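I'm opening my notebook to look up a few things in this structure. Let me put it on the page before I write anything down.

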Amino acid sequence: AVSRRMADLMRLLDEAPQVMNSKDAEAKAAHAQKVFAALDRFSDKQISDTVDSLDQDPGDILLKYVYRGLEVASEKNASLFKWQAKLTEKFGVGSIIRVLTDRKTV
């Protein structure tokens, strides 16, 4: 089941650059909701292993979605902060800088 969740997340992250190059806000919002739904399928215990399996580019893209999710207060924020912590632990502050300075949004 974890490999299926991981495959779904990777597919969404692979599709993200196409969404990021679009100016269609509705398409971006719809894709973000799919990413958030995929993240919800991971337990807190699976976050570390999932992040450890990511390369830098998908990790940066995932961090963009984490920050997008944190733009609105919700019950998902605690989980998103866990994702953010693990992504930063693996990819460092450089990942945060790349995400925050990239003009292409999710």
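Predicted model: local features only at pLDDT ≥ 70, side-chain atom pairs only at ≥ 80, totals over all residues.

I started with Asp44, which is partly exposed at a relative accessible area of 42%. My cut-offs: buried is under 20% relative accessible area, exposed is over 50%, and partly exposed is in between, using a 1.4 Å probe and protein chains only.

Residues are numbered from 1 along each chain as its sequence is written, and side-chain values use heavy atoms, with hydrogens and water left out.

**Salt bridges**

What does Asp44 form a salt bridge with? I found Lys82, with the closest N and O atoms 2.5 Å apart. (A salt bridge is a side-chain nitrogen of Lys or Arg within 4 Å of a carboxyl oxygen of Asp or Glu.) Asp44 sits in helix H3 (residues 44–52) and Lys82 in helix H5, so this pair ties together parts 38 residues apart in sequence. For helices I used DSSP runs (H or I, at least four residues), numbered from the N terminus. Lys82 is partly exposed too, at 38% relative accessibility.

I searched the whole structure and got eight salt bridges. One of them joins Lys86 and Glu89, at 3.8 Å from N to O. These two are three residues apart in helix H5, about one helical turn. Lys86 is partly exposed at 28%, whereas Glu89 is exposed at 60%.

**Helix H6**

Next I looked at H6 (residues 93–101), where Ser95, Ile96 and Val99 are buried. Seen down the axis, the buried residues fall within an arc of 100°, so they line one face of the helix. (The arc is that of the directions from the helix axis to the C-beta atoms.) Val93 and Thr101, on the other side, are exposed.

What do the buried residues of H6 pack against? I got helix H4 (56–70) and helix H5 (77–91); contact here means heavy atoms within 4.5 Å.

**Leu12**

Last, I checked Leu12 in helix H1 (residues 2–20). Is Leu12 buried or exposed? Leu12 counts as buried, at 3% relative accessibility. Leaving aside neighbours within four places in sequence, Leu12 touches His31, Lys34, Val35 and Ala38. Leu12 and Ala38 are 26 residues apart in sequence, yet 8.6 Å apart in space, C-alpha to C-alpha.
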